[in-house]
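This report reads one protein chain from its overall outline down to single residues. Please keep the sequence and the 3D view open while reading.

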Amino acid sequence: MPTNQSIKPTSIKLPPQLRNRMQTLAAARQRSVHELMIRAVETYVEREEKREAIRQECIQAHDDYLRTGLHLTDEEVDEWVDQVVQGIKADIPKCHV
């Protein structure tokens, strides 16, 4: 956890209706609006970091496909997923051109 010396204040302008909602929720949770805002920002940033990591992985996979032509068909993937869902231990099919 950061020390108090490393924490820098940040200003955020909220529409009055959202600010009121935050205050109502903070009171109901017996928390400060500040704490709710920190948790909301942390949750958002963590979710977006994961989303960006998946996006980068997809870009890399597409680049690999363009470079090599290796792929699986929808049918091959569906068949494999069906086996896994049924509890059948099945290796993922081999990619092909």
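## Surface and overall form

The accessible surface of the protein chain, found by the Shrake-Rupley method with a 1.4 Å probe, comes to about 9000 Å², and 56% of this belongs to carbon and sulfur atoms. The model is a predicted one, in which local features need pLDDT of at least 70 and side-chain atom pairs count only at pLDDT 80 or more, while totals for chains, interfaces and linings use all residues. Residues are numbered from 1 along each chain as its sequence is written, and side-chain values use heavy atoms, with hydrogens and water left out.

The protein chain holds 3 helices and 0 strands, where helices (H or I, at least four residues) and strands (E, at least two) are DSSP runs numbered from the N terminus; read from that end, the elements run α-α-α. Taken along the principal axes, the C-alpha atoms fill a box of roughly 55 × 35 × 30 Å. The radius of gyration of the protein chain is 23 Å, whereas a compact globule of 97 residues would have one near 13 Å; this radius is taken over C-alpha atoms, and the globule rule is 2.2 Å times the number of residues to the power 0.38.

Buried residues make up 7% of the 97 residues, where buried means under 20% relative accessible area, exposed over 50%, and partly exposed in between (1.4 Å probe, protein chains only).

## The nonpolar core

Which residues make up the largest nonpolar core? Its 5 residues are Met22, Ala26, Val33, Leu36 and Met37, a nonpolar core being a set of buried Ala, Val, Leu, Ile, Met, Phe, Trp, Tyr and Cys residues joined through side-chain atoms within 4.5 Å. Two or more residues come from each of α1 (16-29) and α2 (33-68), and the largest share, 3 residues, comes from α2. Leaving aside neighbours within four places in sequence, Leu36 is in contact (heavy atoms within 4.5 Å) with Met22, Leu25, Ala26 and Arg31.

| Residue | Relative accessible area | Class |
|---|---|---|
| Gln30 | 71% | exposed |
| Cys58 | 47% | partly exposed |

Gln30 lies in the loop between α1 and α2, and it has a positive phi of about 55° although it is not a glycine. Cys58, by contrast, has its place in helix α2; from Cys58 to Ala90 there are 32 residues in sequence and 24 Å in space, C-alpha to C-alpha.
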